[in-house]
Amino acid sequence: MKSKKRASEGGISPDLTSFSDIANLLIIFFILTTSLVRPFGRRMDMPASAKPPETRQQDNTPTVRVTADRLMLSEGEGNEREVTMNELRADLWRRNFPSRKETERAVVVETAPEVTYERYYNVVTAIAAAGGVVALMTE
Amino acid sequence: MAIRRRKKPNLVLPLSSMGDIAFLLIIFFMLASNFMKTGNVDLQRPGAPTLEQQEPAKCSVMVDRDGVVWCDGAQVSAAELASIIKPLVERDRELAVHVSVHKDLKRDEFMPVVEAVSESGAKIVLTGEPED
């Protein structure tokens with residue numbers, strides 16, 4: 001009787017070493033392939049360029065002409081002036097775009113072929129940060 | 001005099017709890033992870049002062065330093081980009097496409113990509129590095 005009881009108590013213990021090895025390998029795989037970092041950026045209001053920018057018809061639509069070394073801001077014909085990036089930002093903030101109708105928030109960006117993406121990026125993110133809508137100008 | 005040899009203690013490590021923890025970690029990573037489909041793309045993002053932290057990308061478009069366009073890790077051309085993204089936008093109207101472009105590329109290399117994403121009707125997030 002005694003010996004029978006002993007036999008039933010001798011529990012089965014499965015070998016879990018390989019089991020935890022697989023689990024650890026899976027963890028390493030997920031750690032290496034996953035990206036939990038949230039990227040930095042700016043959400044843009046950029047209507048499809050296929051549509052002609054109707055706001056271009058208005059004379060007072062602000063237009064930023066970007067070249068490799070200059071930034072020109074204009075509102076209507078013959079009203080162009082050179083600005084620095086900080087002056088452009090200040091000017092855009094003064095316009096208080098969020099309080100305007102969507103059709104009045106457009107800012108046309110004309111980009112010269114030699115302009116780098118970094119320069120273009122600074123201009124369009126400044127417009128978006130001020131609440132403007134970037135209207136792409138294509139030739 | 002007979003010396004009794006001491007019995008060696010039978011050491012058994014309880015591995016079941018370790019396996020449990022490991023599987024909980026796996027479940028966490030499976031739910032929280034967003035696979036890096038673009039780890040092989042060589043580009044340097046532009047810096048700007050007015051950037052905000054964004055949600056992880058559901059769809060990402062990248063233009064590397066050679067002007068090669070990548071959409072979710074697959075090499076594509078700028079011309080076919082709109083047709084790739086449009087069906088995704090039809091399924092999810094709020095889809096935000098993360099656009100990352102190498103900072104030194106010229107207009108003719110990056111503008112077709114920006115225009116294509118814009119034409120697809122998706123929301124655009126232009127990614128960059130925050131500056132002070």
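This is a predicted model: local features need pLDDT of at least 70, side-chain atom pairs count only at pLDDT 80 or more; totals for chains, interfaces and linings use all residues.
Two residues are in contact here if their C-beta atoms, placed from the backbone, lie within 7 Å. Among the contacts in chain B between residues at least 6 apart in sequence, 69% join residues at least 24 apart.

**Stop 1: the whole of chain B**

Select chain B and colour it by confidence. The average pLDDT of chain B is 84, and 94% of its residues score at least 70. For the model, the scores are ipTM 0.73 and pTM 0.72.

Next, show chain B as a C-alpha trace. Along its principal axes the trace spans about 95 × 35 × 30 Å. The radius of gyration of chain B is 25 Å, whereas a compact globule of 132 residues would have one near 14 Å. Of the 132 residues of chain B, 30% count as buried.

Switch to a cartoon. Chain B has three helices and eight strands, and from the N terminus on its elements run α-β-β-β-β-β-α-β-α-β-β.

**Stop 2: helix α3 of chain B**

Select residues 107-119 of chain B, which form helix α3. This helix has 13 residues and reaches 17 Å from its first C-alpha to its last, close to the 18 Å expected at 1.5 Å a residue. Now display the side chains of F110(B), M111(B), V113(B), V114(B), A116(B), V117(B) and S118(B), which are buried in α3(B). An α-helix has 3.6 residues a turn, so residues three or four places apart point the same way. Just after α3(B), select G121(B), which takes a positive phi of about 90 degrees.

**Stop 3: a sheet that draws on both chains**

Which strands make up the open sheet of seven strands? Select them in the order β2(B)-β1(A)-β7(B)-β6(B)-β3(B)-β4(B)-β5(B); the pairing is mixed. At the edges stand β2 and β5 of chain B, each with a single partner strand, so one side of each is left without a neighbour in the sheet.

Strand β2 of chain B covers residues 52-53, and two bridges join it to β1(A), the two strands running antiparallel. Selecting G41(A) and E52(B) shows one residue standing opposite the other.

In the loop between β4 (69-71) and β5 (74-76) of chain B, select D72(B). D72(B) is not a glycine, yet it has a positive phi of about 50 degrees. Is D72(B) buried, partly exposed or exposed? It counts as partly exposed, because it has 18 C-beta neighbours inside 10 Å.

**Stop 4: where the chains meet**

Select the residues of each chain that touch the other. The contact takes 40 residues from chain A and 49 residues from chain B. On the side of chain A that touches chain B, α2 (17-33), β1 (40-44) and α4 (117-129) of chain A each supply at least two residues. The largest share of that side, nine residues, comes from α2(A). Coloured by residue type, the side of chain A that touches chain B divides into 22 nonpolar, 13 polar and five charged residues.

**Stop 5: chain A on its own**

Chain A has four helices and six strands, and its elements run α-α-β-β-β-β-α-β-α-β from the N terminus on. Buried residues make up 26% of its 139 residues. Of the contacts in chain A with a separation of 6 or more, 70% are between residues 24 or more positions apart.

Select the open sheet of five strands in chain A, whose order is β4-β3-β2-β5-β6 with mixed pairing. Its edge strands are β4 (81-82) and β6 (133-136) of chain A, each of which pairs on one side only. Strand β3 of chain A, residues 71-75, pairs with β4(A) in the antiparallel sense over two bridges. Within this pair, M72(A) has E82(A) in β4(A) as its bridge partner.

**Stop 6: a last residue in a loop**

Finish at N96(A), found in the loop between α3 (85-94) and β5 (106-111) of chain A. Although N96(A) is not a glycine, it has a positive phi of about 50 degrees. N96(A) counts as exposed, because it has 11 C-beta neighbours inside 10 Å.

Definitions and conventions: Residues are numbered from 1 along each chain as its sequence is written. Chains are lettered from A and ligands numbered from 1 in the order in which they are written. The expected span of a helix is 1.5 Å times one less than its number of residues. A residue is buried if 20 or more other C-beta atoms lie within 10 Å of its own, exposed if 12 or fewer, and partly exposed in between; C-beta atoms are placed from the backbone. Ala, Val, Leu, Ile, Met, Phe, Trp, Tyr, Cys and Pro count as nonpolar, Asp, Glu, Lys and Arg as charged, and the others, Gly among them, as polar. Two strands pair if DSSP finds at least two bridges between them. pLDDT is the predictor's confidence in each residue, from 0 to 100. The radius of gyration is taken over C-alpha atoms; the globule rule is 2.2 Å times the number of residues to the power 0.38.
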